[in-house]
Amino acid sequence: MARTHKTWAVRTARDRTEAPARARLLDAAETVFARLGLGGATVADITAEAGVSRAGFYVYFASKEEIFRVLAARVRDAFLAAQEVPGVDADDTCAVAEASVGAVIAAHARHRPLLALLEQQARTDPDVRRLWDEIRERPVHRHARYIRRLTDRGAAAPVVEPLAVAHAVGGMCVEAARRVAARPDLYDTVVQDVTTMYLHLLGAGPDSPRGQRDGVEPTSQS
């Protein structure tokens, strides 16, 4: 039986959020926006890239501006998820550092064109500005809270205040992602370099007093 507008209207929010077509549209929109910008892109460009009908687009999004804002929220969530590092021993500070640094660098490299567009659009769109502020600030403050927890249990001795460490590491990841975007083969090297600097700032690396006390082996250098 043909699907009617009424049928779509009674679908749950969960169904709409998780639909494969919605994910394809979001991926396509990111590609199109990176190529054409927000002003140059059209709904037709996005649906052609996704292989979804125009009517299918409007099942999930009201406009290209709405899908742009949803993309911004997805990027924010990607950076928060990069800090989760599932499967890594939470008590192994060095392993957590390497895994999270690698995930954040990869996320920045993947979304770099969209991030530039978001920063530009945030200057004139209050809704995008709020999302842009969240993208910049929420992961940093979350990271600072993690450093404070490490410090409280004696697993780290940061060289400066935790929020300053978190901002510094975030900046290093952005620069590393720029290099990786241009030269993907440098990924392993830059992750190791940023991780080594991060652990030094954290006061938890092999050369720190804590690392020497606990007998942590030095990180191999390339």
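This is a predicted model: local features need pLDDT of at least 70, side-chain atom pairs count only at pLDDT 80 or more; totals for chains, interfaces and linings use all residues.
# Salt bridges and ring pairs

User: Glu134 and Arg138 in helix α8: how many residues apart are they?
Analyst: They are four residues apart in helix α8, so about one helical turn separates Glu134 and Arg138. A helix here is a DSSP run of H or I with at least four residues, numbered from the N terminus.

User: What do their side chains do?
Analyst: Glu134 and Arg138 form a salt bridge, with 3.3 Å from N to O. That term means a side-chain nitrogen of Lys or Arg within 4 Å of a carboxyl oxygen of Asp or Glu.

User: OK. What about Asp133 and Arg136?
Analyst: Their side chains also form a salt bridge, at 2.7 Å from N to O. Asp133 and Arg136 are three residues apart in helix α8, so about one helical turn lies between them. Asp133 is partly exposed, at 31%. Arg136 is partly exposed, at 42%.

User: How many salt bridges are there in the whole structure?
Analyst: The search finds 15.

User: What does Asp127 pair with?
Analyst: Asp127 forms a salt bridge with Arg69, and their closest N and O atoms are 3.7 Å apart. Asp127 sits in helix α8 and Arg69 in helix α6 (residues 64-82), so the pair ties together parts that are 58 residues apart in sequence. Asp127 is partly exposed, at 34% relative accessibility. For Arg69 the value is 27%, so Arg69 counts as partly exposed as well.

User: Which helix holds Glu66?
Analyst: Glu66 is in helix α6. At 30% relative accessibility, Glu66 is partly exposed.

User: And what does Glu66 touch?
Analyst: Glu66 touches Tyr60 and Phe61, leaving aside residues up to four places away in sequence. Touching means heavy atoms within 4.5 Å.

User: New topic: how many aromatic pairs?
Analyst: The whole structure has four aromatic pairs. One joins Phe33 and Phe68 edge-to-face, with 5.3 Å centre to centre and 85° between the planes. Rings of Phe, Tyr and Trp (its six-membered ring) pair if their centres lie within 6.5 Å; planes under 30 degrees apart are stacked, over 60 edge-to-face, the rest tilted.

User: Where are Phe33 and Phe68?
Analyst: Phe33 is in helix α3 (residues 20-40) and Phe68 is in helix α6. The pair links distant parts of the chain, 35 residues apart. Phe33 is buried, at 1% relative accessibility. Phe68 is buried at 1%.

User: How are the rings of Phe57 and Phe61 arranged?
Analyst: That pair is tilted: 5.7 Å centre to centre, 45° between the planes. Phe57 is buried at 0%. Phe61 is buried at 2%.

User: Which residues make up the ring cluster?
Analyst: Ring pairs link Phe57, Tyr58, Tyr60 and Phe61 into a cluster.

Definitions and conventions
Residues are numbered from 1 along each chain as its sequence is written. Side-chain values use heavy atoms; hydrogens and water are left out. Helices (H or I, at least four residues) and strands (E, at least two) are DSSP runs, numbered from the N terminus. Buried means under 20% relative accessible area, exposed over 50%, partly exposed in between (1.4 Å probe, protein chains only).
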